[in-house]
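The sequence and the coordinates are shown first, and the comments follow.

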Amino acid sequence: MSRPLEGLFVVDLTITLAGGYCTKLLLDGGAEVLKVEPPGGDPLRRRRVLGSPLTRGEHSPLSAFLHAGKGSEVVDLAMAAGRARVRELAVSADLLIESARPGALDAVGLGWHDVHAVNPELTVVSVTPFGQTGPWAQRAATEFTLQAAAGSIGGRGTPERPPVAAGGDLGEWITGTWAAIGALAAWRRARATGRGDHVDVSAFECVSVTLNPFEPLHASLTGDRDRFMGEVYQRSVEVPSIEPALDGWVGFAMLSAQQWQDFTVMIERPDLGTDPGLAQQLGRWPRRADVEDAVHAWTRRHTVDEIVDLASAFRIPVAPVGTGATIPNMDHFKAVGTYVEGNRPGVRWPRIPYRLARTEEGAPRSAPSLGSGRTAPPTSSAPPPARSVKTLPLDDLRIADFTALWAGPQVTHVLGALGADVVKVESVQRPDAIRYTSSRGPDVAQWWEYSWLFHGVNAGKKSVTLDLTRPDGLALAARLIGGADVVIENFSPRVFESFGFDAARVRELAPQAVFVRMPAFGLEGPWRDRVGLAQTMEQLSGMANLTGFADGPPINPRGPCDAIAGLHACFAALVALVDRDRTGRGQLVESVMVDAALNVAAEQVIEFSTNGNELRRIGNRSLLGHVQGVYACQGEERWLALAVTGAVQWESLVDWLGRPDWAVPMGAKLPSHDANVHDEIDRHLIAAFAERNLEDAVSALSSAGVPAEAVVLPGNIEANPQHVARHFSEELAHPVAGTQLYPGLPFRLAEGPDRW
């Protein structure tokens, strides 16, 4: 069976994790990827985390995973011959992915307009921190400082400690996934029209819309933004969340009052379940000390396995907190083959996070030696369909949307923004449960129309209600499926089948349709019917293991796994649609929520299985040994996020500090994986920033090329000048909730639209 993207030739000019993951996703779909590397190779080849040893061969453990199966060619863009070679490659390429500073490629004659001139059908994807336009386009940044500016750091942690970033470079992985979606959607339109496109991806926008999901909308929908910001945005964690067991850490996800009541019965404290003040998270947080004492008195008497088994019987979302050492050995992952052998015996890599029914998953391949050339002889992609004028990349598609909560609606939200006609199906008897996360109380008329999450991932869709327990409701659903190009559901595996819509029935009704199913743990295996929420995935995958302070518990990153699962399912749907464009036939797509999380958190397992190095949380410090942290400035709760990744940035910081005696010799020790070095630096920086004005410090350091941002509250990002300049948010009028600002997609297409 052929791979859907066979014949798609991708030239990869990126030197970032985000770029590497973007092109890995395209390669996994069947594309040929040629890495065009600078002399000395992509810096990811030399990546060392927590002082890990340099591995045998030419690739770090993460580089071997990201670049497996790609070709490699060394090109020096400072030389005329190197620039000529890139133009030569552009002639035969379908996609060119690059991560250069905005304007850098234009300056050497390799900008979008330059390569478009030699190949009008070529689509270029630019992946940069802030995008190609706007007042911050040239601003220095790292994934850490982007989290700060995007509101991700500001609400995470506890008031007793500084705010803390989500660990594991999540923003890079998320940006790479968004870039792959933009690339494939734009390329599909280019095949239809014969006109290539420019996809301008902003990592800042990717982080803003994924790690800080719709919080400005949340604040606005309350109707009292000032009160909301004061009451809600002190740093907090869920109660209960990740708790100590007899032999490790175990995580819970408590979203409903019923789950809380069941939990209190399980921990032998039913009196807590009858206390109305503790039924919701906002009530438990002020009394967290008492609640945690009661929880820990029980959890510390039981092993992680005992707690997981008992909580699962109560239908309480629960998970062991995974680490690089433990994740591959979990029984479900072993049973379904989640991990495969990597670049050498004993090295474990997560498999591709989706299954296509009519496509075999390719075996893992080795990463390329530097300059090893292309992996396949030059080919051309399958002939495109008849050319037509498309106003949006997916404006020829109808989606039958049977999804609820966040991950599933995220898929159809993106497909709809890209032009698809999305019909969302709910039931009056059982509406989409995410409506119950309302910004208003039940004393407000139609309070279910004020859910910020529902608004955020359902804008632009049509809505119908069907009762799938009645024959006429099922008949209408069958009609809707029969006319769809994509059918998508994210119930537990048995639910959609119980309505009579298994894969065979959907194929019978709509042989042309791509049928996307999004089970939490897959359609097979011992965890098939387990409840799985975003927090569960964060705990299992190891994301929580890397988030928090070294002397404290793991902390949930808080929510990104829903969006991450949705984005991977969206990409998988696009891959299957490319196959449908060629064959006229749909197929089943099984996009597994936990597999998406495990791919994004892959480095922990890869690093441990390669080097025996178990990654751990280290607060706001860098796993790569750079100077990085969150520092309090003058005033109350005024925090600055700083990242210094090289000698030039260090010297700029030292100059701004007035070249103190302690700082000058310290530069020779950096980067360092010695905690004592960073302890000493932190002592001095804490003292220095405590006497500085936050805005002045950010302005001065940013102007000097040092990545530095204010840690903003999650609800305050709309006013960011970069977001305003790039029209990140768009005004929409809702018939009940009124006019609000909604974030769009985090990339721009040169061929339009102007609004998402």
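**Notes on the model**

1. Pro240 is located in the loop between helix 10 (225–232) and strand 7 (242–245); helices (H or I, at least four residues) and strands (E, at least two) are DSSP runs numbered from the N terminus. A cis peptide bond, with omega about -5 degrees, joins Val239 and Pro240. This is a predicted model, in which local features need pLDDT of at least 70, side-chain atom pairs count only at pLDDT 80 or more, and totals for chains, interfaces and linings use all residues. Residues are numbered from 1 along each chain as its sequence is written, and side-chain values use heavy atoms, with hydrogens and water left out.

2. Gly752 and Pro753 are also joined by a cis peptide bond, with omega about 20 degrees. Pro753 falls in the segment after strand 24 (747–749).

3. The largest nonpolar core holds 124 residues, of which Leu26 and Leu184 touch the most other members. Such a core is a set of buried Ala, Val, Leu, Ile, Met, Phe, Trp, Tyr and Cys residues joined through side-chain atoms within 4.5 Å; buried means under 20% relative accessible area, exposed over 50% and partly exposed in between (1.4 Å probe, protein chains only). Helix 23 (residues 560–583) gives the most to this core, with 15 residues.

4. Beyond its neighbours within four places in sequence, Leu184 is in contact with residues including Leu5, Leu26, Phe571 and Val578, where contact means heavy atoms within 4.5 Å. A second, separate core of 26 residues includes Phe252, Phe263, Leu272 and Ile307.

5. Helix 7 has 23 of its 24 residues buried, so it is largely enclosed by the rest of the structure. Its 24 residues should span 34 Å at 1.5 Å a residue, and the end C-alpha atoms are 35 Å apart, which agrees; the expected span is 1.5 Å times one less than the number of residues. Gly194, with a positive phi near 80 degrees, follows helix 7.

6. Glu268 has a positive phi, near 65 degrees, in a residue other than glycine. Its place is the loop between helix 11 (257–266) and helix 12 (270–273), and at 52% relative accessibility Glu268 counts as exposed.

7. Glu637, likewise not a glycine, has a positive phi near 55 degrees. The loop between strand 19 (627–632) and strand 20 (639–644) contains Glu637, which counts as partly exposed at 45% relative accessibility.

8. Thr610, in helix 25 (residues 602–611), is buried, with a relative accessible area of 14%.
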